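Here is a short briefing for a first look at this model. Keep the sequence and the structure side by side as you read.

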Amino acid sequence: MEILQLRYFLATAKLEQMTKAAEQLNIAQPSLSKTIARLEEQIGIPLFDRNGRNIRLNAYGQAFLKRVENVFIELEEAERELRDMAGLDRGIITLAVSLTNLLPEMLGSFLAKYPDIQFHQVVEPIAVMQHKLERGEIDMCLTFAELEGVEIESQILRTEDIYLLVPDQHHLYGRESVSLHELKDESFIGLRPSFWFRQMTDRLCLRSGGFTPRTTIEVDEVDAVLLLLKQGHGVAFAPDLAWRTRMDLSRNRVRITDWDGRVQLRLAWSNRHYMSAAAQKFREFIFEYFSNLSW
């Protein structure tokens with residue numbers, strides 16, 4: 001079994017169309033078809049169901065695909081490790097984040113020390129982040145969510161209370177504190193339900209206040225939540241780190257007295273996958289950065 005065969009199979013399995021796979025691989029379609037046929041002959045089991053020009057990955061092909069994906073993950077990590085050892089790679093770090101407002105200052109400080117290192121940023125719901133972390137598609141994840149898994153390690157960087165943020169003209173503006181039951185009829189701005197923070201605050205309200213927040217506006221980014229809030233469109237839950245570097249909302253912040261709403265910002269990584277020298281440097285930098293962080 002050759003690596004080239006596996007590479008051709010991977011492209012075909014992902015697209016489930018010979019013509020598109022051949023175009024992506026920049027080879028002739030008959031050549032691709034023959035390679036896949038030889039692979040199936042060698043394995044002794046068909047990997048695709050064929051109906052005229054249409055092909056579809058069958059149960060055998062789906063099981064084989066998982067193994068082949070792991071092969072290429074291992075090969076990519078081996079290449080990164082060897083480049084690190086030989087000093088050939090200046091470093092590329094893929095970082096998943098829940099809060100993008102932390103990045104400019106933090107990355108600026110790091111890149112001042114290591115200007116040749118490149119960053120790829122990923123912003124996704126936590127389930128997607130965890131999947132990418134487990135598969136080695138990202139180096140580490142900076143998030144408030146609690147990631148679980150025997151291969152995932154994490155370190156807590158900061159613990160914060162969750163506050164209520166209100167617009168300037170809101171009837172709660174200027175209050176130092178509010179009880180949870182006062183909020184059951186409020187219109188909330190929040191992240192989509194697939195985001196961990198939204199799920200957590202919904203659970204806290206139901207457990208401590210007996211209601212689920214009436215979220216009338218759902219968005220994908222914290223920036224959108226804060227901008228809508230400043231325009232007077234609702235109230236929102238947020239920890240300090242979500243807004244401190246974006247805009248001055250110190251007078252819009254109200255403490256909630258009767259719930260245990262706290263979050264812990266943590267850095268998570270996989271102990272299964274290889275971490276490049278650049279990523280290791282950045283991980284140590286993050287630990288030091290947050291140990292010295294003050295507002």
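Two strands pair if DSSP finds at least two bridges between them. By that rule, strand 6 (residues 152-165) pairs with strand 10, because four bridges join them. The model is predicted.

**Domains**

- The protein chain is divided into domain 1 (3-82), domain 2 (88-157 + 264-292) and domain 3 (160-262).
- Between domain 1 and domain 2, seven residues from domain 1 and seven residues from domain 2 make the contact.
- The C-alpha centres of domain 1 and domain 2 are 31 Å apart.

**Strand 6 and strand 10**

- Strand 6 and strand 10 run antiparallel.
- Y163 has its bridge partner in strand 10, and that partner is A238.
- Strand 10 spans residues 236-239 and is covered on both faces.
- One side of strand 10 holds A236 and A238, the other holds F237 and P239, and these residues are all buried.

**Nonpolar cores**

- The largest nonpolar core has 73 residues.
- L164, L183, F237 and F282 have the most contacts inside this core.
- Helix 9 gives the core its largest share, eight residues.
- F282 touches I93, L95, M106, L107, F110, F119 and M140, leaving aside neighbours within four places in sequence.
- Another core, of 19 residues, lies apart from the largest one. Among its residues are L6, M18, A21 and V68.
- In soluble globular proteins, nonpolar side chains tend to be buried together.

**Helix 5**

- Helix 5 covers residues 103-113, and its buried residues are L103, M106, L107 and F110.
- Why do these residues count as lying on the same side of helix 5? They cover an arc of only 90 degrees around the axis, which puts them on the same side.
- An α-helix has 3.6 residues a turn, so residues three or four places apart point the same way.
- P104, E105 and A112 are exposed, on the face turned away from the buried side of helix 5.
- The cover over the buried residues of helix 5 includes strand 3 (92-97), strand 4 (118-122), strand 5 (140-143) and helix 9 (277-291).
- K113 is exposed, with a relative accessible area of 52%.
- K113 and F285 are 172 residues apart in sequence. In space they are 10 Å apart, C-alpha to C-alpha.

**Two buried loop residues**

- H273 sits in the loop between strand 12 (262-270) and helix 9.
- Is H273 buried or exposed? H273 has 10% relative accessibility, so it counts as buried.
- The side chain of H273 reaches the backbone oxygen of E134 at 2.6 Å.
- L47 is found in the loop between helix 3 and strand 1 (48-51).
- The relative accessible area of L47 is 2%, so L47 is buried.
- L47 touches F9, L39, E40, R56, L57, N58, Y60, G61 and F64, not counting residues up to four places away in sequence.
- L47 and K14 are 33 residues apart in sequence and 13 Å apart in space, C-alpha to C-alpha.

**Two residues with positive phi**

- E16 is a residue other than glycine, yet its phi is positive, near 55 degrees.
- E16 is in the loop between helix 1 (3-15) and helix 2 (18-25).
- At 26% relative accessibility, E16 counts as partly exposed.
- N26, also a residue other than glycine, has a positive phi near 60 degrees.
- The loop between helix 2 and helix 3 (29-43) holds N26.
- N26 counts as exposed, at 69% relative accessibility.

Definitions and conventions:
Residues are numbered from 1 along each chain as its sequence is written. This is a predicted model: local features need pLDDT of at least 70, side-chain atom pairs count only at pLDDT 80 or more; totals for chains, interfaces and linings use all residues. Side-chain values use heavy atoms; hydrogens and water are left out. Buried means under 20% relative accessible area, exposed over 50%, partly exposed in between (1.4 Å probe, protein chains only). The arc is that of the directions from the helix axis to the C-beta atoms. Contact means heavy atoms within 4.5 Å. A nonpolar core is a set of buried Ala, Val, Leu, Ile, Met, Phe, Trp, Tyr and Cys residues joined through side-chain atoms within 4.5 Å. A polar contact is a pair of N or O atoms within 3.5 Å; within protein, one must be able to donate a hydrogen and the other to accept it, and residues adjacent in sequence count only if both atoms are side-chain atoms. Domain bounds come from an automatic or database domain assignment.
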